[in-house]
Amino acid sequence: MTSSPRPVSASATPTTSHPAHTLLQRAHSPDTASRIFTDKVRNKPLLLQTTSSSDKDKRALRRHVRLRKKEYHLRKRKPRPLSAKEKRQLGVFELKKEEIKYEIYRKLHEMWNGYMLEVLGYTRDGKVNAGGLNKAVTAQGHGSLLASADFHGALVEVVRAKDVGKVGSKGIVVRDTRYTFVLVTEQDEVKTVPKKDCVFRYGVEIPLYQQTEEQKMVEHDGVATKEHEQPVNGDNDEMEVEKKEEANKTRTLVFELHGNQFEFRPAERANRKFKWKVTDYL
């Protein structure tokens, strides 16, 4: 009589070998080891935990701090100056048609005239210096001041040039570049005059009528009176006084500017030391 083999349950033998099943067989019986392996290892559910809200809050806080630091850095950083290409694209130096009027820049010339009076030492803070109106302007004493001055607003005229067609061009300087002067003429036209091989003439008006009252007081017969209140004898003396006052109302200093020596930007001329050069190129 033969006995059939005892059936083995499918859960008794694992389908695949696993290191955990081998370790369980050392401590338990084969059936117990297979059951524990199947329930605790193979069929154990794996729970995936989502990111907690606290982690989200921390990440958002870090991002907020980072953006605030970046914003503060951009706000405190000095703006980058525009390049020459960007200036051309934006049209920074282009004059609009309605802006090309001589009367608009006449006020600019008056401001420039006051600026030059301060540069030459005739006025200070809008007031005439005592004895400054009689000051003599010399090349040695005032040459460096005139060379480093800004000419935006100056009324210049071309008196000599290799290009004869440029001679006679006159207008107010609205743009002082390295190699050119951009002028607005009395005919409301824009002319670009090169500095090279050109001599420009410009004048500075000294208004003598802006003297202080103390400077106008003169001694006459021991009594302090104003110049226009001085007693005169006869019509001839009165006419002479009127002519003298009219002649002394304004005085103009005329200078000549050699463009070859001014081929620099205004900001560069302010800190530049000029040397005497030969001017026989014309």
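Colleague: So buried means under 20% relative accessible area, exposed over 50%, and partly exposed is in between (1.4 Å probe, protein chains only). Which residues are buried in helix α2?

Modeller: Quick note first: this is a predicted model, where local features need pLDDT of at least 70 and side-chain atom pairs count only at pLDDT 80 or more, while totals for chains, interfaces and linings use all residues. Residues are numbered from 1 along each chain as its sequence is written, and side-chain values use heavy atoms, with hydrogens and water left out. In α2 (residues 30-42), Ala 33, Ser 34, Phe 37 and Thr 38 are buried. They sit on the same side of α2, because they cover an arc of only 130° around the axis. That arc is taken from the directions from the helix axis to the C-beta atoms.

Colleague: And what's on the other side of α2?

Modeller: Asp 31 and Lys 40, which are exposed there. The cover over the buried residues of α2 includes α1 (19-27), with contact meaning heavy atoms within 4.5 Å. Helices (H or I, at least four residues) and strands (E, at least two) are DSSP runs, numbered from the N terminus.

Colleague: OK, new topic. What span should α5 have?

Modeller: At 1.5 Å a residue, the 19 residues of α5 (residues 102-120) should span 27 Å, and the end C-alpha atoms are 26 Å apart, which agrees. The expected span is 1.5 Å times one less than the number of residues.

Colleague: Which residues of α5 are buried?

Modeller: Tyr 102, Tyr 105, His 109, Trp 112, Asn 113, Met 116, Leu 117 and Leu 120. Seen down the axis, they fall within an arc of 145°, so they line one face of α5. Lys 107 and Met 111 are exposed on the face turned away from that buried side. Just after α5, Gly 121 takes a positive phi of about 90°.

Colleague: How many aromatic pairs does the structure hold?

Modeller: There are 7. Rings of Phe, Tyr and Trp (its six-membered ring) pair if their centres lie within 6.5 Å; planes under 30 degrees apart count as stacked, over 60 as edge-to-face and the rest as tilted. Trp 112 and Tyr 202 make an edge-to-face pair, 6.0 Å centre to centre with 75° between the planes. That pair links distant parts of the chain, with Trp 112 in α5 and Tyr 202 in strand β7 (residues 198-207), 90 residues apart.

Colleague: Are Trp 112 and Tyr 202 buried or exposed?

Modeller: Both Trp 112 and Tyr 202 are buried. Ring pairs also link Trp 112, Phe 151, Phe 181, Phe 200, Tyr 202, Phe 255 and Phe 262 into a cluster.
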